[in-house]
Amino acid sequence: MSTAGTHAAVLDSENRPITAGGFVASGPVVFKDVAGQAGLTAWRHVMGTPEKHYILETVGSGVALLDYDNDGWLDIYLVNGSTYDAFSGKAEAPHAALFHNNHDGTFTDMAQKAGVTNDRWGFGVAVGDYDNDGWPDLYVTNFGKNRLYHNNHDGTFTDLAEKAGVTLGNWSTGATFGDYDGDGRLDLFVPGYVHYDIENPPAAGSASLRFSYCQFRGVSVMCGPRGLKGEPDHLFHNNGDGTFSDVSKKAGVTDEAAYYGLTAVFADVNNDGKPDLIVANDSKPNYLYINKGNGTFEDASYGSGYAFNADGRETASMGIAVGDYRNNGLLDLYNTVFSDDYNPLYRNDGDGNFTEASYQEGVAEVTIPFLGWGTGFLDFDNDGWKDLFVANGHVYPTVDKTDWGTTFAQRPLLFHNAQGKLELVPAVMGTALAQVFTARGAAFGDLFNNGKIDVVINQLDRPPALLKDVAGEGNHWLGLKLIGGPKSPRDAVGTTVYLTSGKTRQRGDVLSGGSYASSNDMRIHFGLGSATAIDSIEIHWPSGKVEKLHVPAVDRYYSIQEGKGVLK
């Protein structure tokens, strides 16, 4: 793993590693873990063995929030891993979960009935309505063949990956949907991680590894990804007939170096109305591909400043948060990385150029002992400024037996945005910020339709966590469900919305993928602070159409269709 070197242990007043300590008795109460009450904890993630001898067992799985039955309430899809016995057919495979929202704070697992248990060694999930029929579909990435679950409109799905030509093989990770060529249909990008041979796993001294030993801080650990062969990325063009064509080479995103891709997301970082492509690579330079508008991309990874951190060093990037946290109309990027390194925050300077500014923003040092995964910008207190959440958990179980100042299960980090300045929220005892998780995927969305953004965490080898936003009442909000017209994707992926209220102008984007191998609520959420009215809403649709409209009230959701305005 790529790190910044060895750092001294950070301990709290009770001599606990700060990753599982540093709690305070009082302070703002933001999140409460209600997974048990919600009925989620009967399900459990499983991946390999508890000892984690090999890298295949360590990186965990993602989670998606989607309204699969179009009843207006978010449901939860949790990807599961597998075991060696299940993979070889000697035992029943662990099932993925599809938790249907019962509208009363509880959820019921419908994965078996819906036909989405996967039963493969799963890693990532992306949501997108690839056939524009008005119902969200699921793309699930695996070690082995991937699945494309087409929504049948009756609570069930059918895996059409073979027919669609998007099964791939070996090890795929955090995929993303986006209409890169502007034809109104969602295309699919699938990053590859490590080219893995399960029959000859990479152990120290094995033929599949260049190293005679694998150590971290002098302790023997599982090998990889450094020294292992990478798995290339793939861009699939949507042909409009239920099939896709691999256009990676033609489009200029072949990943010929076969870097270790973990998460990708299509997002317009230079404000030209075309989705660019961001890829977080583990222990290698990150990719930023700028959309040229002719079906191809320019590799701007190095020139943009996104390939490396401020030290000019590659990081072990896991997850990506995308959002305009400064309210200046530009999308900023935040990457989660390995412990013994800080998470880089890339400020967008315009024209697709970035300055890595974690130390200037004061959010670098605190993250060094943590190993980050799922991450996202969210306005938890509805004050009109996007905050930042980081889910954490180590990959080496042996860290609990060391004096390194880190732990296997780790508490999450939350940074409050004080009008452009990010400040760490204290971990108050008895709240979810003072719980420890073996976190991997994290997805963000309003699960209770109350205008607050909740977080679902898929934990490695544990039941999931549901962090309900219980921050104080008082501020107002607005939610938008967007429906694209005939020249845009039906689910409006790639749409950008600017909302002005008072002196604040916010930006929201409809994105598929991101965080770590996960997919968030596609409804756009705006906190409004004390404002009780909206001055203007400006919607930039993927078709190029720009619409300005008004809504009569706040503190509710509106459905807006391209060309037809507010539906309800």
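This is a predicted model: local features need pLDDT of at least 70, side-chain atom pairs count only at pLDDT 80 or more; totals for chains, interfaces and linings use all residues.
User: How many aromatic pairs does the structure hold?
Analyst: There are 26 aromatic pairs.

User: Take Tyr-68 and Phe-157. Stacked, tilted or edge-to-face?
Analyst: Tilted. The ring centres are 6.1 Å apart and the planes meet at 40°. Stacked needs under 30 degrees and edge-to-face over 60, so 40° falls in the tilted class.

User: Where do Tyr-68 and Phe-157 sit in the chain?
Analyst: Tyr-68 is in the loop between β2 (63-66) and β3 (75-78). Phe-157 is in strand β9 (residues 157-159).

User: What about Tyr-259 and Tyr-287?
Analyst: That pair is stacked, with 5.4 Å centre to centre and 15° between the planes. Tyr-259 lies in the loop between α5 (248-251) and β16 (261-267). Tyr-287 belongs to strand β18 (residues 287-291), so the pair ties together parts 28 residues apart in sequence.

User: What are the relative accessible areas of Tyr-259 and Tyr-287?
Analyst: Tyr-259 has 16% and Tyr-287 has 7%. Buried means under 20%, so both count as buried.

User: Which residues have a charge over a ring?
Analyst: Lys-468 puts its charged end over the ring of Phe-448, 4.5 Å from the centre. Arg-523 lies over the face of Tyr-557, 4.2 Å from the ring centre.

User: Switching to sheets. What is the strand order in the open sheet of four strands?
Analyst: The order is β34-β31-β37-β38, and the pairing is mixed.

User: Which strands stand at the edges?
Analyst: β34 (524-529) and β38 (565-566). Each has a single partner strand, so one side of each has no neighbour in the sheet.

User: How do β31 and β37 run, parallel or antiparallel?
Analyst: Parallel. Five bridges join β31 (residues 476-483) to β37 (residues 557-561). Leu-482 has Ile-560 in β37 as its bridge partner.

User: Now the largest pocket. What volume?
Analyst: About 730 Å³. The lining has 32 residues. Nearest the centre are Asp-67, Asn-70, Lys-481, Leu-482 and Arg-523.

User: Which elements give two or more residues to that lining?
Analyst: β2, β6 (121-128), β31 and β37. The largest share, four residues, comes from β37.

User: What is the make-up of the lining by class?
Analyst: The lining has 14 nonpolar, eight polar and 10 charged residues.

Terms used
Residues are numbered from 1 along each chain as its sequence is written. Side-chain values use heavy atoms; hydrogens and water are left out. Rings of Phe, Tyr and Trp (its six-membered ring) pair if their centres lie within 6.5 Å; planes under 30 degrees apart count as stacked, over 60 as edge-to-face and the rest as tilted. Buried means under 20% relative accessible area, exposed over 50%, partly exposed in between (1.4 Å probe, protein chains only). A charge sits over a ring if NZ of Lys or CZ of Arg is within 6 Å of the ring centre and within 35 degrees of the ring normal. Two strands pair if DSSP finds at least two bridges between them. On a 1 Å grid over the protein atoms alone, a cavity is a set of points where a 1.4 Å probe fits but cannot get out, and a pocket is an open set with protein on both sides within 12 Å along at least five of seven lines; lining residues have an atom within 4 Å of a point. Grid points are joined across faces, edges and corners, and a volume is the space filled by probe spheres set on the points. Ala, Val, Leu, Ile, Met, Phe, Trp, Tyr, Cys and Pro count as nonpolar, Asp, Glu, Lys and Arg as charged, and the others, Gly among them, as polar.
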